[in-house]
Amino acid sequence: MERTLAIIKPDAMGAGKAGKILAHLETSGFRVCALRMMRLTEAQAGAFYAVHRGRPFYESLVRFMTSGPVIPVVLEAENAVARLREVIGATDPAEAAEGTIRKLYAGSKERNAIHASDSPKAAAEEVSFFFPQEALVDPEG
Ligand code: GDP
């Protein structure tokens, strides 16, 4: 079993799609280990996306990610990191495969409904960015 981090982004929250996205994730075989709803500060969003600092879209991305509430979710499955990337689809919804979350719910390359960790190392860092160890629950237990 592997764990990864998803974030339901402010566009999907504002459109009232959080429930549908969580249902899509559960139907796709992921179990929820932890979940919270929060509003990111500018400092938190900037730190979370620090790898993109200096890119032309960085400031806009931070503005977007702080524009409304988000739901970070820890998900568990076999090969969770790679499988979640498949289930969410390409960054740009115009390029995302049919049936993926971004194809179904994203409006643009920036406002693309959901984040997913892109490697096991990023997943470990991103899970601990939002959740202390004791907040992670065994979904079978
Ligand atoms: P992801 O791993 O598929 O989320 O994509 P990246 O790590 O490359 O980018 C992080 C986030 O920045 C994306 O999910 C988008 O919200 C945003 N983003 C990425 N590329 C662009 C871009 O070219 N333009 C804009 N406006 N936003 C972008």
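**Note on the sheet and the ligand site**

1. Strands β1 (residues 2-8) and β3 (residues 71-77) run antiparallel and are joined by 7 bridges. Within this pairing, L5 stands opposite V74 in β3. Keep in mind that the model is predicted.

2. A word of background on pairing. Strands of a sheet pair through backbone hydrogen bonds, and the arrangement can be parallel or antiparallel.

3. Where does the ligand sit? The ligand is in the largest pocket. Around the ligand are K9, Y49, H52, F57, L61, R85, T91, R102, K109, E110 and N112.

4. Three of these residues deserve a look for their polar side-chain atoms. In T91, such an atom lies 2.5 Å from an oxygen atom of the ligand. For N112, the distance from a polar side-chain atom to a ligand oxygen is 2.9 Å. For R102, an N or O atom of the side chain is 3.0 Å from an oxygen atom of the ligand.

5. How much of the ligand's accessible area does the protein cover? On its own, the ligand has 550 Å² of accessible area, and the protein covers 79% of that.

Technical notes: Residues are numbered from 1 along each chain as its sequence is written. This is a predicted model: local features need pLDDT of at least 70, side-chain atom pairs count only at pLDDT 80 or more; totals for chains, interfaces and linings use all residues. Side-chain values use heavy atoms; hydrogens and water are left out. Two strands pair if DSSP finds at least two bridges between them. Helices (H or I, at least four residues) and strands (E, at least two) are DSSP runs, numbered from the N terminus. A residue is near a molecule or strand if one of its heavy atoms lies within 4 Å of it. A polar contact is a pair of N or O atoms within 3.5 Å; within protein, one must be able to donate a hydrogen and the other to accept it, and residues adjacent in sequence count only if both atoms are side-chain atoms. Accessible areas come from the Shrake-Rupley method with a 1.4 Å probe; for residues, only the protein chains shown count as cover. On a 1 Å grid over the protein atoms alone, a cavity is a set of points where a 1.4 Å probe fits but cannot get out, and a pocket is an open set with protein on both sides within 12 Å along at least five of seven lines; lining residues have an atom within 4 Å of a point. A molecule sits in a cavity or pocket if more than half of its atoms lie within 2 Å of its grid points.
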